[in-house]
Amino acid sequence: MKQTAISSTTMEAGSTCGAPDDVWPIDKRYALFTAAIIFLIGMFDLVDRQVIASLFPHLKEEFSLSDKQLGMLVSAVNISISVLVVPSAYLVDHWSLKKMIFLMGTVWSVSTLLCGFVTGFTHLLMARLLCGFGEAGYQPAGQSLLSACFPRKLRATATAIVTCGMSLGAPVGLMIGAFVSEHWGWRHAFGVVAIPGLLLSFLALRMHDFRIVSTDKPAGKSFWAQRGEYVHTLRNIAKTPTVLCVICSAVCIRMFNGVLLSWTPSYFTRVAEVPMTVASSYASLVIIAESAAIFLGGPVVDWVKNTSNRLVPVWLCFAMLASGALYVFAYRACVPGSAVQVAILVFSSLIFGTVFSAGTFLIVDLTAANYRATAISLMILSQNLLGYSVGPIFTGTLSDMFDLSTAMSLSASVLVVGAVFYGICIFTYPRDKERAECVDIEFH
């Protein structure tokens with residue numbers, strides 16, 4: 001790999017491929033500022049996305065919606081994310097990461113605000129689609145920027161920061177939605193959660209950005225030539241077995257997580273027959289446990305990786321099998337709403353949460369900075385189109401056919417399928433790691 005000398009006034013030594021794994025590519029203060037902003041924006045991304053789950057009873061009553069229609073309101077966001085995530089990632093890799101974060105945050109915050117003014121199901125569905133359009137490019141940009149700011153030795157921790165912020169936003173959205181709707185009405189809940197995301201989007205413009213300084217591409221290439229390189233990049237990513245397995249596993253993870261986020265409050269309300277505020281509190285405990293595991297899972301994966309690359313997928317395979325079995329047991333064998341059931345669900349989420357950021361880490365670890373956002377976008381496309389989009393609707397359909405308890409337990413069994421793909425990674429990841437590319441970058 002060709003190395004390029006770079007002035008110390010524009011970057012730190014750790015930005016080059018040959019730098020030690022424990023060197024910070026940028027001043028640590030700037031890196032932590034970037035981490036804080038990306039964490040908070042990611043949190044309010046999920047606050048805006050998941051607040052609607054706590055409003056299901058109000059929306060069902062006011063607009064006479066079926067469970068399938070309620071599931072569509074959740075899936076609509078993930079479908080629209082799927083449409084734009086790959087084109088957005090192309091802009092991320094070829095334009096500006098922080099400007100894309102600003103643009104995305106502004107669009108989804110405004111669209112969330114519009115949800116409070118709808119007059120029917122169709123209008124609400126359109127506003128939710130617009131919310132997904134805004135969220136499409138955030139995660140590829142955030143993950144790519146933050147992973148570049150942190151030492152390679154802490155890459156799993158860096159990816160966990162983004163994922164943890166997004167996961168933490170889900171219970172916050174549920175609690176805010178339940179509280180505001182109970183005291184001031186469901187329309188006000190959308191307005192309350194939209195404003196912070198808008199303010200944080202403007203703060204994102206204060207972050208440092210980076211660009212590629214060592215590349216084999218000649219300058220001045222036409223758009224059509226660049227498009228050919230983009231297709232070539234997609235082919236190279238698709239030829240990496242570990243990336244393909246991570247994407248397949250991510251679909252299974254997000255399919256069930258979409259069910260967990262969307263239907264847990266309704267499960268406790270209907271099956272356990274507790275008030276909505278209590279149901280949201282139970283659901284928040286489950287999701288907060290998941291968020292805590294995501295945050296702790298990053299350093300754990302970093303430690304495991306430094307011991308042996310092969311042990312990372314081993315842990316992920318075990319975690320998915322164990323959590324899937326515990327979720328099914330909680331829904332089928334425990335008394336709904338009992339302390340035992342809630343405790344088992346919380347413990348399951350503590351295990352389940354450790355797998356969330358690891359998939360992104362594996363992709364980041366195997367891809368160069370000049371197409372890292374594109375690689376992440378392929379995973380997001382798959383997990384939203386086939387995971388988040390399918391899970392809530394599938395569970396709602398099963399609930400209409402049978403009951404919600406049966407639907408939840410059947411949905412949890414998909415984690416076993418995801419474990420199989422991580423089992424394959426045990427053999428492919430060490431070999432793919434040896435063939436991984438690297439390019440030099442500079443911050444500005």
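Q: Does Phe63 count as buried or exposed, and at what relative accessibility?
A: Happy to start here, with a note that this is a predicted model, where local features need pLDDT of at least 70, side-chain atom pairs count only at pLDDT 80 or more, and totals for chains, interfaces and linings use all residues. Residues are numbered from 1 along each chain as its sequence is written, and side-chain values use heavy atoms, with hydrogens and water left out. Buried means under 20% relative accessible area, exposed over 50% and partly exposed in between, with a 1.4 Å probe and protein chains only. Phe63 therefore counts as buried, at 18%.

Q: Which helices does the aromatic pair of Phe63 and Trp186 tie together?
A: Rings of Phe, Tyr and Trp (its six-membered ring) pair if their centres lie within 6.5 Å; planes under 30 degrees apart count as stacked, over 60 as edge-to-face and the rest as tilted. Phe63 and Trp186 are edge-to-face, 5.9 Å centre to centre with 80 degrees between the planes. Helices are DSSP runs (H or I, at least four residues), numbered from the N terminus, and strands are E runs of at least two. The two partners are 123 residues apart in sequence, so the pair ties together parts in α2 and α8.

Q: Why is the pair of Trp108 and Tyr138 edge-to-face?
A: Trp108 lies in helix α4 and Tyr138 in helix α6 (residues 138-149), and both are buried. The pair is edge-to-face because the ring centres are 5.6 Å apart and the planes stand at 80 degrees.

Q: Which backbone nitrogen does the side chain of Ser109 reach?
A: Ser109 lies in helix α4 (residues 97-115) and is buried, at 2% relative accessibility. A polar contact is a pair of N or O atoms within 3.5 Å; within protein, one must be able to donate a hydrogen and the other to accept it, and residues adjacent in sequence count only if both atoms are side-chain atoms. The Ser109 side chain reaches the backbone oxygen of Gly105 at 2.8 Å. At 3.2 Å, that side chain also reaches the backbone nitrogen of Leu198.

Q: What separation do the C-alpha atoms of Leu97 and Gly142 have?
A: Leu97 has its place in helix α4 and is buried, with a relative accessible area of 5%. Contact means heavy atoms within 4.5 Å, and, not counting residues up to four places away in sequence, Leu97 touches residues including Ala141 and Ser144. Leu97 and Gly142 are 45 residues apart along the chain, and their C-alpha atoms are separated by 7.4 Å.
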